[in-house]
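Please keep the sequence and the coordinates at hand while reading.

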Amino acid sequence: MAEGLNDRIYEQVRAAARRGALHHALLLTGPRGSGKGELARYIAAAMECTAPGDKPCMACAACRKVAAGIHPDVTAVRDEGHKILPVDTVRALCADAYIRPNEGARKIYIFEDSAQLDGRCQDILLKTVEEGPRYAAFLFLSENAAAILPTIRSRCVELKLRGAAETAAEDGAMLDRALELCDALCQGREDILASYLCALEQGKLKRPELSAFLSASREVCAAALLRQYGRKAPGIYEEMAERLAKNLTKAQLMGIIEILQKDWEQSAFNVGVGHMLGALAAELAALLPAKQKEK
Ligand SMILES: [Zn+2]
């Protein structure tokens with residue numbers, strides 16, 4: 001399975017699978033060639049995997065069947081003969097969703113090209129996506145989220161895959177923001193921390209950006225912790241790592257890293273960005289020593 005550029009999303013899928021929190025309706029977006037099909041199969045495997053430990057194991061019979069495209073409960077929906085899926089096909093699929101899975105835990109429908117779903121198809125699908133059986137899952141693959149109507153989109157968690165150019169630019173921007181957060185932590189000021197996270201929220205941080213931000217912040221704090229154990233931090237955040245190491249204790253840094261890790265794992269699924277940043281501000285503030293809370 002191709003992880004590479006988007007390995008964070010793969011890690012988040014594993015974390016969500018561990019918590020049993022894989023959402024039943026997912027919108028996988030990204031440019032052509034960004035690996036939407038591979039990710040969809042990976043998620044389907046995570047839903048069907050029968051291994052006792054981390055899912056997907058990619059080794060059990062269920063995982064291998066999903067990977068080979070022969071799992072009876074995982075349906076790839078695509079019609080080479082039509083530009084738009086025939087209405088009858090969509091109706092049949094909705095009826096099929098109500099028949100219990102053959103051998104797996106879930107019944108999964110992968111819409112490999114959501115451009116094949118016009119408004120009429122999506123209207124038919126809506127009710128099943130909204131209130132279908134608990135075991136049914138729907139994965140919509142699209143270059144553009146706008147291909148899916150707001151009615152269905154509002155039911156979906158979007159996972160945004162990135163191409164090479166986007167990855168470098170977004171990571172750079174998020175590292176800058178992570179350094180700003182670390183600066184607020186160094187100053188030990190709860191008010192600065194809260195207002196900074198509030199500003200981020202109002203800047204309408206998107207879910208994938210939040211993930212990149214949390215991940216970059218965690219890396220800088222981890223570098224600071226290494227610094228305290230006498231190991232040098234990687235070049236780009238050496239200076240900030242050193243400041244953090246001076247201003248915070250090992251216990252504080254470990255607590256912060258733990259919070260950032262937990263939020264990062266959850267950031268791909270089921271939590272609104274605003275809600276998450278509010279909780280993050282409160283959790284981080286609780287770790288700052290009392291004397292630093294007042295100016
Ligand atoms: Zn497995």
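Four donors count as tetrahedral if all angles between them lie between 85 and 135 degrees. In this predicted model, the angles among the four donor atoms of the zinc ion run from 105 to 118 degrees, so the site is tetrahedral. The protein donors are the SG atoms of C49, C57, C60 and C63, lying 2.3 Å from the zinc ion, and along the chain they follow the spacing C-x7-C-x2-C-x2-C. Because C49 lies in the loop between α2 (36–48) and α3 (61–68) while C63 belongs to helix α3, this pair ties together parts that are 14 residues apart in sequence. C49 is buried, with a relative accessible area of 7%, and C63 is likewise buried, at 0%.

Helix α2 also takes part in the largest pocket, where it provides three residues, the largest share of the lining. This pocket has a volume of about 300 Å³, and of its 17 lining residues, K36, R78, E112, D113 and E143 are the closest to the centre. The lining divides into three nonpolar, seven polar and seven charged residues.

The second largest pocket holds about 240 Å³ of space, and its lining consists of four nonpolar, no polar and five charged residues. Strand β5 (157–160) gives the most to this lining, with three residues, and α9 is also among the elements that give two or more.

Helix α9 (residues 207–228) is the place of S215 as well. S215 is buried, because its relative accessible area of 1% falls under the 20% limit, and, leaving aside residues up to four places away in sequence, it touches R8 and W264.

Key
Residues numbered from 1 in each chain as written. Predicted model: local features only at pLDDT ≥ 70, side-chain atom pairs only at ≥ 80, totals over all residues. Heavy atoms only, no water. Helix = DSSP H or I, 4+ residues; strand = E, 2+ residues; numbered from the N terminus. Buried < 20%, exposed > 50% of the residue type's maximum accessible area, 1.4 Å probe, protein only. Contact = heavy atoms within 4.5 Å. Donors = N, O, S within 2.8 Å, 3.2 Å for Na, K, Ca; no water. Tetrahedral: all angles 85-135°; square planar, octahedral: opposite > 155°, others 65-115°. 1 Å grid on protein atoms, 1.4 Å probe; cavity = no way out; pocket = protein on both sides within 12 Å on 5 of 7 lines; lining within 4 Å. Points joined across faces, edges and corners; volume = space filled by probe spheres on them. Nonpolar A, V, L, I, M, F, W, Y, C, P; charged D, E, K, R; others polar.
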